[in-house]
Amino acid sequence: MKKPSLLLEMAARRQTPVLLIVSLWVLFRGHNHPGGGFIGGLLAAGGLGFYSLTYGPKATRRYMRIDPIRLIGIGCLTALGAGLMGWLGGLPFLTGIWTDLPLIGKVGTPLLFDIGVYLTVIGAAVSMLHAFEEA
Amino acid sequence: MNPHLVLPLIIPLATAMILFVTGRRGNRAAVIGLIGFAGLFGAGVSLLIRVASSGIMATGPGNWSAPYGITLVADNLSALMVAITGLMGLMVFIYSLYGEMRGNDDGGFYALFHVLLMGVCGAFLAGDIFNLYVWFEVMLIASFVLLARGRSRLEMIASVKYVVMNLVSSGIFLIGIGLLYAKVGSLNMADIAVKLSESEADARLVLSTGMLFLVAFGIKAAVFPLYFWLPSSYHAPPLAVSAIFSALLTKVGVYSLIRTFTLIFNQDQAFSSRLLLVIAGLTMVMGGLGAIAQTDIRRILSFHIISQIGYMIMGLALMTPLGIAGAMLHMVHNIIVKTNLFLISGIIAHHGRGAYRIEQLGGLYRHKPLLALLFLVPAFSLAGFPPLSGFFTKYLLIQAGLETRSWLISGIALAVAMLTLVSMTKIWNHAFWKRAPETFEPMKTPVRLWLPAATLASLSVSIGLAAEPIFEFGRQTAGQLLEPEGYIEAVLGGR
């Protein structure tokens with residue numbers, strides 16, 4: 001592939017990590033504020049998409065260290081696991097379970113579910129983008 | 001918390017996702033997929049046993065009770081359909097392990113197959129009309145990809161027709177849901193039924209929304225005059241995909257029609273019944289005539305799907321216990337027999353070096369007598385010969401028609417059975433009786449191809465032989481559907 005412009009190269013290398021961190025922040029604030037797994041995942045995918053436009057899909061997969069399609073599976077299984085936790089505790093499937101942790105505060109299975117959504121969205125969006133780039 | 005209602009959704013999802021993580025092709029993926037379908041079948045059967053013994057079950061995931069949360073409900077009809085879905089998944093999957101699915105697979109087939117069946121099971125279990133829409137979408141997206149996977153010209157043309165029609169149908173469905181929600185203020189089907197029976201609203205006003213649902217589900221179920229997308233798309237994909245599509249997708253449409261028109265839109269029965277009868281009659285005739293004109297085995301079978309859908313709609317239209325029982329049992333019979341015929345057409349094409357056009361085939365009766373026998377069972381069953389399953393379900397439907405003095409529809413049902421027989425004879429004459437083409441070389445049928453077909457054929461025979469208990473179950477189901485108090489009680493009872 002053609003060597004990208006220097007500006008784009010420098011921007012992508014710095015901007016992608018920033019977007020990934022912002023996406024994590026959006027993911028975690030999502031419980032009581034605007035945000036959450038879906039929008040966080042899209043932001044992260046935006047960052048990775050930028051990287052992929054600059055350096056190409058192969059380099060992006062190296063950067064991510066995991067096949068995006070595999071990430072879809074991991075994300076869905078995480079969300080499914082979050083749903084099953086309440087179920088194993090004798091409550092209906094997908095019921096949220098909460099616990100108080102020192103320092104962090106209240107955490108529960110909805111957060112785990114959101115993390116699953118986050119991973120699934122990243123995996124799906126990045127693999128769609130790669131399908132276009134590699135076509 | 002009862003797991004029976006949720007497992008038919010969790011098992012295929014988990015299997016598909018495990019396939020995404022561990023790799024989507026090769027022997028390991030096939031084994032994981034097989035375990036998944038065996039699990040789904042087991043879950044479906046256990047659900048059916050539970051529902052048959054202890055009545056309608058409902059659960060609200062997330063501990064949100066109806067009508068606020070989404071509800072999953074299983075009555076006899078849903079449970080039976082889930083069980084049969086699991087069985088079809090297992091059979092078609094075993095079939096797909098041979099040949100065409102492995103050779104040119106880019107890896108998505110096994111996982112998508114599970115996602116498709118999750119959507120189908122979800123649609124059968126949904127107790128919430130919007131949730132039903134969501135499951136339709138799950139099912140459709142998986143089926144779009146399965147249909148277009150091969151990327152050949154034929155498959156692309158077929159997919160465009162299929163996608164466009166189904167998107168139109170989804171759009172109409174969504175508009176219908178919006179209007180219904182505006183009138184009633186609820187999405188839970190049981191709650192809608194209660195609110196409509198209490199309200200003073202004009203029945204015609206409610207039924208006008210019902211007609212949107214009729215069109216939306218009618219497209220999915222391929223009834224007259226909205227069936228044209230089906231024969232122009234079902235013959236294109238690999239055979240295992242055609243088989244599972246023909247087994248389940250149109251039946252989800254029929255199921256939704258039965259569910260909504262018995263539970264929600266039951267105010268002006270005289271009108272909807274008359275309309276449905278006309279649709280049923282025309283669907284049967286057009287499907288039957290269409291089949292006779294075709295020469296590709298898969299297209300003949302596709303038109304038969306349409307004519308058989310007509311019978312199911314006829315049972316629904318009659319709205320008597322016998323009619324509804326007949327419609328449901330005919331649906332079950334048709335799923336089994338139609339899938340079986342598709343699988344057998346794959347075996348025929350296997351011996352004909354991939355040819356599906358009947359003029360290129362021949363000599364199978366002489367060289368493959370057992371295959372000929374295997375073909376005769378579902379072919380006669382579809383046409384309605386005793387003692388096979390098709391005789392029994394058509395008998396119920398026609399009996400129901402005669403009891404309500406609907407002479408015309410009963411006559412059409414009988415005549416279309418003859419049409420079915422004519423087009424089955426056509427396949428028989430060409431593929432089996434005609435002299436074999438010069439290039440024909442006899443070869444063995446792999447066990448993975450004939451085992452599922454033989455299992456389904458024996459199932460069709462045993463349904464015909466065990467008609468009494470199955471009919472009893474059908475009558476019980478019809479009771480549940482025609483007097484929906486039990487369903488409403490099960491969903492809203494905890495309030």
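How far apart are the mean positions of the positive and negative charges of chain B?

1. For the 32 positive and 22 negative charges of chain B, the mean positions are 12 Å apart. Lys and Arg count as positive, Asp and Glu as negative, with His and the chain ends not counted; each charge is placed at NZ of Lys, CZ of Arg, CG of Asp or CD of Glu.

2. The model is predicted: local features need pLDDT of at least 70, side-chain atom pairs count only at pLDDT 80 or more, and totals for chains, interfaces and linings use all residues. Residues are numbered from 1 along each chain as its sequence is written, chains are lettered from A and ligands numbered from 1 in the order in which they are written, and side-chain values use heavy atoms, leaving out hydrogens and water.

3. The whole structure holds 32 aromatic pairs over all chains, where rings of Phe, Tyr and Trp (its six-membered ring) pair if their centres lie within 6.5 Å; planes under 30 degrees apart count as stacked, over 60 as edge-to-face and the rest as tilted. B:Phe37 and B:Phe93 form a tilted pair, 5.2 Å centre to centre with 50° between the planes. Both B:Phe37 and B:Phe93 are buried, meaning under 20% relative accessible area with a 1.4 Å probe, protein chains only.

4. B:Trp428 and B:Phe432 are stacked, because their ring centres lie 4.9 Å apart and their planes meet at 25°. B:Trp428 counts as buried at 11% relative accessibility, and B:Phe432 counts as buried at 1%.

5. Buried residues make up 64% of the 495 residues in chain B.

Note on methods
Buried < 20%, exposed > 50% of the residue type's maximum accessible area, 1.4 Å probe, protein only.
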